[in-house]
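Visitor: I have the sequence and the model open side by side. Can you walk me through some of what was computed from it?

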Amino acid sequence: MNIDYSGTIDTYYSVPGPMGDATRTAIPEIVNMTRLGLGYDLFAWKDKSTYERGFYVDTGFFSMYQPEFIRGNATGFDHPHTLVLSERMAQKFFGTTDVVGKPLRVDNQDEYTVIGVVKDWPSNVSLRFDWLAPVSNFMDNNRWLRSWETYGIITQVELRPDADAARVNTRLSAMLRSKAPLYAHAGCFLWPMKNWHLYDHFSNGRPDGGLITFIRLFCTIGWIILLIACINFMNLATARAAQRAREVGVRKTLGAMRKALIAQFILESILMSFAAVIIAVGLVYLALPAFNTLLDRQLPFTPLAPAHLAALVGIGLLCGLVAGSYPAFYLSSFNPVAVLKGQRISMKRGAGFIRKGLVVTQFSVSVILIVCTAIIYQQVQHIRSRDLGYDKEHLLYTSLQGDLAAHFNAFRSDLLQTGVVADAAISSSPALAMWMTVTTKEMTWAGADPNKDVKMCWENVSPEYFSTMGLHLKEGRGFYPDIKSDSGDIVVNETMARMVSAKSCIGRYVTYGHGDRYRIVGVVKDYLFNDMYASVAPLILACLPESRQNYGFLEIRVKPGNLPASLSKVEAVMKANNPGYPFDYTFADQQFERLFTLEARIGKFAGIFYLLTIFISCLGLFGLAAYTAERRTKEIGVRKVLGASTAGLAGLLSKEFLQLVALSCVIAFPLAWWFMHHWLKDYAYRTTIHWWVFALAGLAALLIALLTVSAQAIRAALANPIHSLRTE
C-alpha cells in the first residue's frame with residue numbers, strides 16, 4: 001500500500017484488517033486469501049512452558065502454501081481455539097507427533113486443541129513458524145485492526161492463473177480509497193512472491209531493489225576478481241616465455257603448425273583452469289561453515305547439482321580460454337631460427353603497453369575496494385556513535401503479559417525494593433520502535449498548514465518512561481505520578497515542537513480526531529527510534545489512564561554491577577507478580593547492534609574482496625616484475641660492473657611499477673568517491689568522505705606494490721653480473 005504524505009510516498013507491507021475479507025467477495029480473480037498476524041506467545045502443557053513464534057492465519061493459508069500434514073489436517077481450523085503445530089514443536093512439548101486432540105494452554109488463558117502437525121519447512125524458508133492459529137484470535141486481541149482507518153496486518157492472496165494483475169491493482173486501489181479519507185491519495189498493489197526476498201525496497205512508492213543490489217554488486221566484484229586472475233595468468237605465462245621459446249622452436253622445426261601449438265597452449269590453460277576449479281570446490285567445502293556463520297544462513301554444499309556442475313564447467317572453460325588465449329598466440333608466434341640461435345625474444349611495444357594497462361586496472365580496482373571498505377566501516381561507526389538521545393546501556397525490555405499493566409505501580413515498587421533496579425516504565429511499543437502513527441489530517445493545531453499531510457508517531461507511556469529511558473527534558477515538565485492529573489496532557493519531541501510553533505509550544509493545544517484536545521506540557525530532546533539512519537520523526541508522548549489496556553511493553557533500567565545477580569532478582573519479582581509467565585527479555589544495546597547487521601556484513605564482504613583483490617593484483621605485479629627483471633638482466637649486469645649499487649638498481653626496477661600504481665590511484669580515487677557518494681545519499685544521517693581515507697588507501701597500495709616488487713628487484717640486483725655478461 002502506498003500513501004502520499006505531502007509529496008513523499010511511503011510504502012507499507014500491511015493493509016487494513018477488513019480488506020482481506022472484502023477482496024474475496026469483490027474481486028473474482030482472487031481465489032485464496034490469508035492474513036498473517038505474527039505471534040510470540042506462551043504455550044504451556046503440564047509443567048513445561050515456553051514462548052514460541054508462529055502465525056495467526058486464515059484457512060486459505062493451507063490451500064496457498066499446502067504444508068505437508070504428517071498428523072491430522074486443517075479441518076475445523078475455522079474454530080477459534082484450534083492449533084496446527086510444526087513437527088519440531090510437537091516433539092518439544094509431547095515427545096511425539098501423535099498429538100491430535102491434545103490441549104495446549106496459550107498465554108495462561110485459553111486452552112487450544114491441536115488438530116494437526118505439519119512437516120518442518122527447510123531452513124532456507126523465511127516464512128518460518130512453529131504453530132498456526134486462526135486469525136480471528138489476533139483480530140480479537142487487536143480490535144483496532146477491524147477498522148478501515150488503520151493498517152497493520154499482512155495480507156496475501158492467490159490469483160487465478162489467467163488473472164490480470166494490473167486490473168486487480170486498479171480494483172484494490174479503488175476499494176481502498178472509498179473506505180476512509182486517509183486513503184484519498186493512496187494506492188494498493190500486488191507484490192509477487194518471487195520478489196519478496198530480493199526486491200523488497202521501495203523509494204517514493206516505486207520498487208528500487210533491495211538485497212538484489214548487494215548480490216549484483218558482489219557478483220560483479222567476483223567476476224572482476226576472476227578476470228584479474230586471468231590477466232595475471234597471462235602476465236605470468238608470458239613472463240616465463242623464454243623458458244618455452246626453445247620448445248616452440250624445436251616443435252616448429254619438426255613441422256608443428258602454429259594452430260597445433262595454439263591448441264596445445266590453450267588446452268594446457270584449460271586443464272590448469274579445471275585443476276583450479278577442483279581446488280576451489282575443496283576450499284568452498286572448508287570455508288562454507290564460516291561463510292554460513294557470516295551470512296546467518298545454512299547454504300548446502302551441492303557441487304554435483306546439475307546447475308552448479310554446469311556453472312563449474314562453464315567457468316572452467318571460460319577462464320581457460322580467456323587466460324590461455326593471449327599466451328597461446330604469443331608463444332606460438334616465436335621465430336624458430338631466432339630462438340634456436342639463442343637470440344632474445346622481441347616484445348612488441350603494444351604488448352608491453354597492454355601489460356601495464358592490465359596492472360593499472362588491477363590496482364585501480366584494489367584501491368577502489370580499499371576506499372569503499374574504509375568508508376562503509378566509517379558509516380557504520382558513525383551511526384553507532386550517534387547521540388541516541390537516551391541511554392541504551394543497562395536497559396532491557398520485555399512484553400507485558402498477564403495483568404502486569406493493571407497493577408504496575410505495585411509491581412514497580414517491588415522492583416525498586418530489590419536495590420538493583422533504577423526505574424521501570426510501561427509503553428505501547430518496545431524501546432527502539434514506535435508503532436502507532438497519526439497524520440496532520442487527523443491531528444491539527446492553530447497555524448497548521450491544511451495542505452500538508454505529515455506523519456507523526458504517537459506513544460502511550462507511563463510517567464516513569466523519561467527516567468527509565470534516560471530522556472532529557474528541554475522545556476516544561478514530564479507527567480505527574482498521578483496519571484489522572486495528566487489525562488489531557490502530552491509531551492512532544494523537539495521536531496514536533498518546531499512543527500507546532502516557531503517559539504515555545506508549552507501550553508498550546510492540539511486537536512485529534514473528532515475534537516479531543518491535548519495540551520503540550522513538555523518538550524523532550526529528540527531521540528532516535530525506528531530508523532537509526534534517518535532524521536528524527538515528530539513524536540507525541542501521552543499518558544492516558546484509559547490507554548493502559550494498549551500498553552504492550554515493560555522497560556527496566558538495572559543499576560551497573562553484577563548483571564546476572566541483578567537479572568535473577570528481577571526475575572524473582574516478575575514470577576511473584578506474574579506467576580506462570582517466564583521472564584523473557586531483550587537488552588536495548590543488543591537490539592541496537594542487530595540493526596546494523598546488514599551493513600556489518602557488507603563491510604566484512606568488502607574487506608574479504610579487498611584482501612583477495614590485493615593478493616591477486618600482487619601476483620600480477622610480481623609476474624610483470626619477474627618479466628621485466630628477466631629482460632633487463634644484461635642491463636643490470638652492465639650497470640653493476642660500472643659501479644651501480646644494489647639499492648640503486650632495486651630502486652630503478654621498482655620505479656616503473658610504483659608509477660603504475662600511482663596512476664591506478666589517480667584513476668581509482670574519483671571513481672571510489674563517486675560510488676560512495678551515491679551510496680551515502682541513501683542515508684539522511686551520514687559520515688563525511690574525508691580526504692585522508694584516499695591518502696591512506698593510496699599509501700597502502702604503494703606500500704603493498706613496493707613490497708611485492710622489491711623482492712624481485714633486489715634478487716635481480718644481487719645477481720652476479722659475470723653470469724649475465726659472459727655470453728657477450
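Guide: Start with a strand pair: strand E14 (residues 395–399) and E25 pair in the antiparallel sense over two bridges. Two strands count as paired if DSSP finds at least two bridges between them. Strands (E, at least two residues) and helices (H or I, at least four) are DSSP runs, numbered from the N terminus.

Visitor: Before going on, what kind of model is this, and how are residues numbered?

Guide: This is a predicted model, where local features need pLDDT of at least 70 and side-chain atom pairs count only at pLDDT 80 or more, while totals for chains, interfaces and linings use all residues. Residues are numbered from 1 along each chain as its sequence is written, and side-chain values use heavy atoms, with hydrogens and water left out.

Visitor: Fine. What is the bridge partner of Tyr397 in E25?

Guide: Thr586 is the partner of Tyr397 there.

Visitor: And what order do the strands of that open sheet have?

Guide: The order is E15-E24-E14-E25, four strands with antiparallel pairing. Strand E15 (421–427) and strand E25 (586–587) are the edge strands, each pairing on one side only.

Visitor: Switching to E18. Is strand E18 mostly covered or uncovered?

Guide: Mostly covered: five of the six residues of E18 (residues 455–460) are buried. Buried means under 20% relative accessible area, exposed means over 50%, and partly exposed is in between (1.4 Å probe, protein chains only).

Visitor: Which strands do bridges join to E18?

Guide: Strand E16 (residues 436–439) is joined to E18 by four bridges and runs antiparallel to it. Strand E23 (residues 539–542) is also joined to E18 by four bridges, but this pair runs parallel.

Visitor: Now helix H1. Which of its residues are buried?

Guide: In H1 (residues 19–26) they are Met19, Gly20, Ala22 and Thr23. Seen down the axis of H1, these buried residues fall within an arc of 160°, so they line one face of the helix. That arc is taken over the directions from the helix axis to the C-beta atoms.

Visitor: What covers them?

Guide: The cover includes strand E3 (14–15), strand E4 (30–45), strand E11 (153–159) and helix H5 (165–177).

Visitor: Where does Trp148 lie, and what does it touch?

Guide: Trp148 lies in the loop between helix H4 (135–141) and E11. Not counting residues up to four places away in sequence, Trp148 touches Pro16, Pro18, Met19, Ala22, Met175, Lys179 and Tyr183, where contact means heavy atoms within 4.5 Å. Trp148 and Pro16 are 132 residues apart in sequence and 5.3 Å apart in space, C-alpha to C-alpha. With a relative accessible area of 18%, Trp148 counts as buried.

Visitor: Charges next. How many salt bridges does the structure hold?

Guide: The structure holds 20. A salt bridge is a side-chain nitrogen of Lys or Arg within 4 Å of a carboxyl oxygen of Asp or Glu.

Visitor: Which side chains meet Arg88 in a salt bridge?

Guide: Glu52 is one, at 2.7 Å, N to O. That pair links distant parts of the chain, with Arg88 in helix H3 (residues 87–94) and Glu52 in strand E5 (residues 48–57), 36 residues apart. Asp130 also meets Arg88, at 2.8 Å, N to O. Here the partners are 42 residues apart, Asp130 being in the loop between strand E9 (110–118) and strand E10 (131–134).

Visitor: Is Arg88 buried or partly exposed?

Guide: Arg88 counts as partly exposed because its relative accessibility is 34%. Glu52 is buried at 3%, and Asp130 is buried at 14%.

Visitor: Which residues are linked in a network of salt bridges?

Guide: Asp21, Arg24, Arg35 and Asp58 are linked in such a network.

Visitor: Last one. Which residues make the nonpolar surface patch?

Guide: Leu663, Val666, Ile667, Leu671, Trp673, Trp674 and Phe675 make a nonpolar patch of about 670 Å². Patches are made of residues with over 30% relative accessible area and no salt bridge, with like charges joined within 9 Å and nonpolar side chains (Val, Leu, Ile, Met, Phe, Trp, Tyr) within 5 Å. Accessible areas come from the Shrake-Rupley method with a 1.4 Å probe, and for residues only the protein chains shown count as cover. Phe675 lies in helix H19 (residues 646–680) and is partly exposed, at 40% relative accessibility.
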